[in-house]
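Reader: I would like to go through a model feature by feature. Please give the idea first and then the case at hand.

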Amino acid sequence: MAEAASPPPGRAILGGSFNPPHVGHLRLAIEAREALGDLVQGVDMVPCAVPPHKAQSAMLPFDLRARMVEACAQGLPWLRCNRMEAQRQGPSYTWDTLCAYREAEPDTDLYFILGSPDFALLSTWHKGLDLPRLSSFVVVPRKGHTSADFITAAKTMWPDAAERAPLLPACPCMTLPGGGLAHFLSVPWLAVSASRVRQLWLTGRNVDFLVPDAALQILRNNAQTVRHHWLEDGSAC
């Protein structure tokens, strides 16, 4: 009797403005890929077309941000850029993105990567509390947040959430209403931000080793466009 085919591996999803992509994004993708191991076939970096919670004034054009992400992914066969959010009108809601993944890959387990401050604010997102119906979470600590803070946040947003045995080594895990899980992935935080990179760039300072070389070359090749858009945000000066 033939063995039943195993379900396809899952996919991790790392969304963001990537304005620009920096080493913190790449290290997070690598850490998540290694922690999830055989649960996923790879990580998708998904550039946001119209960020619902961020001002548009200093945002580089979508194509430029996506090209930088694609350049960063070269040499990492498990990492890819998904441009799907540019195909929709209006704000780039995570709910809509995960629904599109579900429609395209209905049997694939999804793991949505986000920082602990964003996780604690999911109740303010569009259909944020319904997201466990579509995906599990991989929550990465930021700003000194601990696993206890993670558990408290989960139980505050979903009173029926419950702790369960970890599926990943040393990663506290919660079951959430809707079927998804939340994994707390304790990895070191690289204190690199896109706003800091923009500020350094606009003041003529060196951003080597903050932005991957492949993305940095694209920034340099499009310096006039980059400066034009980033100068629209007075706080970056």
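Author: What follows takes up the cores, a helix pair, the cysteines and some backbone details. The model is predicted.

Reader: Which residues have the most contacts inside the largest nonpolar core?

Author: The general idea is that in soluble globular proteins, nonpolar side chains tend to be buried together. Here the largest nonpolar core has 46 residues, and those with the most contacts inside it are Leu14, Val43, Leu79, Ile113, Trp201 and Leu219. Helix H2, residues 62–73, gives the most to this core, with 8 residues.

Reader: Where does the second core come in, and how many residues does it have?

Author: It is separate, with 27 residues, and includes Phe137, Val139, Ile151 and Phe184.

Reader: What is Leu14 in contact with, leaving aside its neighbours within four places in sequence?

Author: Leu14 is in contact with His25, Leu28, Ala29, Val43, Asp44, Met45, Val46 and Ile113.

Reader: How should I read a helix pair, say H6 and H8: at what angle do their axes cross?

Author: A helix pair can be read from its axes, its handedness and its contact residues. The axes of H6 (residues 194–202) and H8 (residues 223–230) come within 11 Å of each other and cross at roughly 115°. The crossing is left-handed. On the H6 side the contact is made by Arg198, Trp201 and Leu202, and on the H8 side by Ala223, Val226, Arg227 and Trp230. By class, these are 5 nonpolar, no polar and 2 charged residues.

Reader: How many disulfides are found in the whole structure?

Author: A disulfide needs two cysteine sulfur atoms within 2.5 Å. The search finds 0.

Reader: Is Cys48 buried or exposed?

Author: Cys48 counts as buried, at 8% relative accessibility. Cys72 is buried too, with a relative accessible area of 8%.

Reader: What is the phi of Phe18?

Author: Phe18 has a positive phi of about 50° although it is not a glycine. Phe18 lies in the loop between E1 and H1, and at 2% relative accessibility Phe18 counts as buried. Lys127 is another case: its phi is near 55°, positive in a residue other than glycine. Lys127 sits in the loop between helix H4 (116–120) and strand E5 (136–140), where it is partly exposed, with a relative accessible area of 40%.

Reader: How far apart in space are Ser57 and Val69?

Author: Separation in sequence and separation in space are read as two values. Ser57 and Val69 are 12 residues apart in sequence and 20 Å apart in space, C-alpha to C-alpha. Ser57 is in the loop between strand E2 (40–47) and H2, and Ser57 is partly exposed at 32% relative accessible area.

Technical notes:
Residues numbered from 1 in each chain as written. Predicted model: local features only at pLDDT ≥ 70, side-chain atom pairs only at ≥ 80, totals over all residues. Heavy atoms only, no water. Axes fitted to C-alpha atoms, helices over the stretch in contact; angles between N-to-C directions. Helix = DSSP H or I, 4+ residues; strand = E, 2+ residues; numbered from the N terminus. Left-handed = near helix turned anticlockwise from the far one by under 90°. Contact = heavy atoms within 4.5 Å. Nonpolar A, V, L, I, M, F, W, Y, C, P; charged D, E, K, R; others polar. Buried < 20%, exposed > 50% of the residue type's maximum accessible area, 1.4 Å probe, protein only. Core = buried A, V, L, I, M, F, W, Y, C linked by side-chain atoms within 4.5 Å.
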